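Thanks for making the time this morning. I would like to walk you through one structure, slowly, and I will begin by putting the sequence and the model on the screen.

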Amino acid sequence: MSSIDPTITNPGAWGLAIIFIVVVSWFFYRYFAPDSWREWVGAGVVQAFIIALYAEMYGFPLTIYLLVRFFGLDREYVSTNLWSTLIGFGETGMFVSMLLGYAVAFVGIGLFAQGWRQVYRARQDDRLVTDGLYRYVRHPQYTGLFIALFGEGIIHWPTIFSVALFPLVVVIFTWLARREEHDMVDTFGDDYRTYQRKVPMFIPRWEQWRDLVAESRSSSDDFKDP
C-alpha cells in the first residue's frame, strides 16, 4: 500500500487556511446576512462546508488519509488532492482540477453577488424583480451559491465533508427558497404566481445558460453595492 509523504500529510499552512476561511466567510455573510433561524441553519451548513474544505486544503488532508489508512487506496502517486490521486495524473491532474474548479466557482460567485444586488434594489423600491438574472431563474443568488460550492468543493478540492455537505446545502436552500416564495405570493399575489409558472427556480433552460452567465458578468456600475 502506498504511504503519504510526511510533507503532504502535514502541509502546515494552517495560517493560510484561516485566512481563506475568514475571507470566504466574510464574502458569504456580506451577501447573505441570516435573519430567521431557518437562514441561520443554511448559513451554518455553508460555514461548515467552508471550514472543512480549507482545513483539508491547507491543513491536514483527512480524506486522503482515511482512504489510504482504512480503504486500501494503493497508488504510486498520492497527493492531498482527491482527483489527482484517484485518476493518477499527479500534479497535472491537480492543476487541471484547480483551473476548472476556479472557473466554475467564479461564475457562481458572480451570480451570487449580482443576484443579491438586484433583489436588494428591488426591495428598496418595494417591487417584484423579474428582470436581470431573475429573467432566467427565480433564485439566482442560490444558483450562484450552488455553482460556487460545487466548483470549489467538488471539482477543485473534493473531500469527504464537502461531498457529503453539498447535497445538504442544496436541500436546505431549496427549503428556504420555498418559504421565501410563500411570502412572495402573500405579498404580490397573482403576479408572483405568473412569474413562478414562467421562470424556473434554480436551473435555467438549456439555451439560457450563456445569457445567465453573461448577465452575471455585467458591469458593476449597473448594480452598485449599498
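This is a predicted model: local features need pLDDT of at least 70, side-chain atom pairs count only at pLDDT 80 or more; totals for chains, interfaces and linings use all residues.

Let me start with the charged side chains, where a search of the whole structure finds 3 salt bridges. In one of them, Glu-215 pairs with Arg-135, and the closest N and O atoms are 2.9 Å apart. This pair links distant parts of the chain, since Glu-215 belongs to helix α10, residues 209-216, while Arg-135 sits in the loop between α6 and α7, and the two are 80 residues apart. As for how covered the two partners are, Glu-215 has a relative accessible area of 17% and therefore counts as buried, whereas Arg-135, at 41%, is partly exposed.

That loop between α6 and α7 also holds Arg-138, which is linked to Glu-181 in helix α8 across a separation of 43 residues, so here too distant parts of the chain are joined. The side chains of Glu-181 and Arg-138 meet in a salt bridge at 2.6 Å, N to O, and both residues are buried.

What about the pair Arg-193 and Asp-190, and where do these two residues lie? Both are in helix α9, residues 190-198, and they are 3 residues apart, which is about one turn of the helix. Arg-193 is partly exposed, with a relative accessible area of 36%, and Asp-190 is exposed, because its value is 54% and the cut-off for exposed is over 50%.

For helix α3, residues 37-58, and helix α8, residues 160-188, the axes come within 9 Å and cross at roughly 160 degrees. Angles over 145 degrees count as roughly antiparallel, and α3 and α8 are therefore roughly antiparallel to each other. The crossing of α3 and α8 is left-handed.

With a relative accessible area of 35%, Tyr-65 is partly exposed.

Notes
Residues are numbered from 1 along each chain as its sequence is written. Side-chain values use heavy atoms; hydrogens and water are left out. Buried means under 20% relative accessible area, exposed over 50%, partly exposed in between (1.4 Å probe, protein chains only). Axes are lines fitted to C-alpha atoms, for helices over the stretch in contact, and angles run from 0 to 180 degrees between N-to-C directions. Helices (H or I, at least four residues) and strands (E, at least two) are DSSP runs, numbered from the N terminus. Angles under 35 degrees count as roughly parallel, over 145 as roughly antiparallel, 65 to 115 as roughly perpendicular and the rest as oblique. A crossing is left-handed if the near helix is turned anticlockwise from the far one by less than a right angle, and right-handed if clockwise. A salt bridge is a side-chain nitrogen of Lys or Arg within 4 Å of a carboxyl oxygen of Asp or Glu.
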